[in-house]
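The entries below follow the order in which I looked things up.

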Amino acid sequence: MPFATEIRPVPGPLIDSAADLLALPVAAGSSDQPAAVASAAGAVPADLAARLPGPLPDLIAHYEFAGRPGETVEFPVDLGRGLVRFALVGVGDLGARDLRRAGAAFARSARGRERAAIALPAGGAAGSGAGDEALTAFVEGALLAGYTFSLAAEPKRPRPVPLVELVADDPGRHEAAVARGRILAGATALARDLINTPSAEKDPAWLAARAEEVAGAAGLAVEVWDEADLERDGFGAILAVGGGSARPPRLVRVEYRPENPERHVVLVGKGITFDTGGLSLKPNDNMKLMKTDMSGAAVVLGVLSALAELGSPVRVTGLLAIAENAFSGGAQRPGDVITTFGGRTVEVLNTDAEGRLVLADAMDYAVAELAPDVIVDVATLTGAAKLALGTGIGALFGTDDELVARLVAAGERSGEALWRMPLVEEYRATLRSRVADLANIGTSADFGRPGATEAALFLREFTGGVPWAHLDIAGPGRSMAESAELTKGGTGFGTRLLLRWLTE
Ligand code: BES
Ligand code: MN
Ligand code: ZN
């Protein structure tokens with residue numbers, strides 16, 4: 001669902017806006033007194049000041065308003081055309097991180113309004129790098145907090161505001177930063193829509209068809225393997241995982257190719273359209289959220305959708321490994337041995353460790369056919385990663401220190417925190433199989449149950465020595481709360497950090 005909110009820079013003054021919610025950003029003060037940041041010039045215009053119920057410093061003191069990012073207070077103001085709502089919006093230190101929260105809080109305050117206007121809260125000098133990045137973050141926060149996904153016949157809560165005006169002295173200078181925020185948020189919303197779609201509708205063919213649509217709209221080459229193609233080309237793992245479903249698996253390749261690319265990055269996404277666990281069946285409590293188990297594929301598709309618009313200099317190929325892990329007489333059995341695209345055999349000791357299997361096939365293909373300089377996979381791979389880090393942080397594994405550092409840095413800029421986890425060499429021994437090259441889960445209890453690390457070590461076997469990073473987003477891929485730019489349900493975590501990494 002495209003954003004219900006349009007956001008655009010407009011010329012001032014704020015008081016002339018026909019909006020029914022007007023807002024002033026308020027920074028956290030260097031001392032105990034916060035300072036209002038009304039415009040690029042920094043002062044509240046006299047005509048507006050005269051209409052407020054009191055001097056701004058008095059209002060700030062009255063409401064004990066500290067200017068914390070995301071803090072808001074509202075009061076009515078008479079602008080001579082009836083009462084309108086007026087808000088103070090805390091913008092903290094004016095950096096990107098704080099402005100993202102401020103944008104989200106502002107969009108939440110604006111729900112149910114017809115039109116909202118805020119004096120431009122850009123940090124740093126207008127048009128400067130820091131200011132632009134902060135404004136981009138504000139737009140991301142505002143649009144993503146207003147994101148909604150509903151299949152209800154009647155909308156249940158105040159709808160997002162249709163129009164947000166960013167009042168600036170020189171609106172034209174801010175168009176690019178706003179557009180960038182809109183593109184980054186739009187890619188994330190695309191991922192969220194796919195993730196939030198129920199699995200009754202979202203089978204592998206459906207997801208592949210959405211990928212073809214997105215690729216078509218973005219002018220990208222796309223290829224889809226159906227079950228016969230997968231059989232012909234030897235994708236034994238994707239076929240084995242998808243074998244239990246009446247709705248057969250797919251592999252999708254989407255390609256973004258700029259002129260004279262710097263390097264070739266392959267992004268691999270786990271696309272399990274529903275994870276019952278297979279014959280190693282999940283209990284209902286663990287199963288009920290598993291429509292989100294294709295988040296990795298959704299994030300990869302979201303990234304691909306925006307690379308051309310953002311002008312990435314990197315060639316990027318996305319591989320979506322798509323299957324439904326279902327429970328039936330056709331399902332693979334614990335103890336089966338499957339053969340991946342590259343010819344290695346895997347003993348499947350637990351059919352619920354299916355993500356690493358479909359990813360292995362896709363990574364084998366990338367190494368054999370695509371000559372990548374870097375491979376990054378994104379997957380809701382293990383409950384262990386969620387247990388270790390919670391829902392706020394993604395688990396990052398990797399074989400290349402510089403790649404890992406760049407991804408962590410991109411996550412800091414995008415507000416998607418990553419924490420590097422160790423690929424403990426000793427634990428590699430737990431993946432030994434008696435009958436095959438590898439087992440899909442740890443076979444020894446010698447080291448406890450290092451679930452996220454075992455999964456990562458398994459994947460490393462399929463990197464062919466290519467620098468590789470693995471984002472386990474089982475925790476942050478889904479939000480249980482409305483918080484800052486997050487809305488309940490799929491988050492699209494990773495989309496914005498990967499886009500920053502590929503375009504900055
Ligand atoms: N899709 C799950 C992981 C998951 C758990 C994602 C919770 C999001 C929230 C994955 O396929 C899975 O079932 N992993 C198992 C692996 C185990 C059988 C080795 C797990 O983590 O329990
Ligand atoms: Mn599973
Ligand atoms: Zn899964």
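My notes start with the ground rules and then go from the ligand to the backbone.

**Ground rules.** I am working on a predicted model, where local features need pLDDT of at least 70, side-chain atom pairs count only at pLDDT 80 or more, and totals for chains, interfaces and linings use all residues. Residues are numbered from 1 along each chain as its sequence is written, chains are lettered from A and ligands numbered from 1 in the order in which they are written, and side-chain values use heavy atoms, with hydrogens and water left out.

**Ligand 1, the shell.** Which residues come nearest to ligand 1? I get Lys282, Asp293, Asp352, Glu354 and Gly383, out of 15 residues around the ligand; "near" needs a heavy atom within 4 Å. Sorted by class, I count seven charged, four polar and four nonpolar residues in that shell. For the classes, Asp, Glu, Lys and Arg are charged, Ala, Val, Leu, Ile, Met, Phe, Trp, Tyr, Cys and Pro are nonpolar, and the others, Gly among them, are polar.

The side chain of Lys282 puts an N or O atom 2.7 Å from a ligand oxygen. For the side chain of Asp275 the distance to a ligand oxygen is 2.9 Å. Gly383 uses a polar backbone atom, 2.7 Å from an oxygen of ligand 1. The ligand alone exposes 520 Å², and the protein buries 77% of that (Shrake-Rupley areas, 1.4 Å probe; for residues, only the protein chains shown count as cover).

**Thr276.** I found this residue in the loop between β10 (264-275) and α9 (284-287). Helices here are DSSP runs of H or I with at least four residues, strands are runs of E with at least two, and both are numbered from the N terminus. Is Thr276 buried or exposed? It is buried, because its relative accessible area is 11% and the cut-off is under 20%, with exposed over 50% and partly exposed in between (1.4 Å probe, protein chains only). A polar side-chain atom of Thr276 lies 2.9 Å from the backbone nitrogen of Gly278.

**Helix α15.** How many residues of α15 (495-503) are buried? Nine of its nine are, including Arg496, Arg500 and Trp501.

Asp93 is in the loop between β5 (83-92) and α3 (96-110), and counts as exposed because its relative accessibility is 57%. Pro25, in strand β2, is buried at 0% relative accessibility. From Pro25 to Thr72 I read 9.3 Å, C-alpha to C-alpha, at a sequence separation of 47 residues.

Asn260 is in the loop between β9 (250-256) and β10, exposed at 72%. Ala371 also has phi near 45°; I place it in the loop between α11 (355-370) and β14 (374-379), exposed at 61%.

Methods
Polar contact = N/O pair within 3.5 Å; in protein donor to acceptor, adjacent residues only side chain to side chain.
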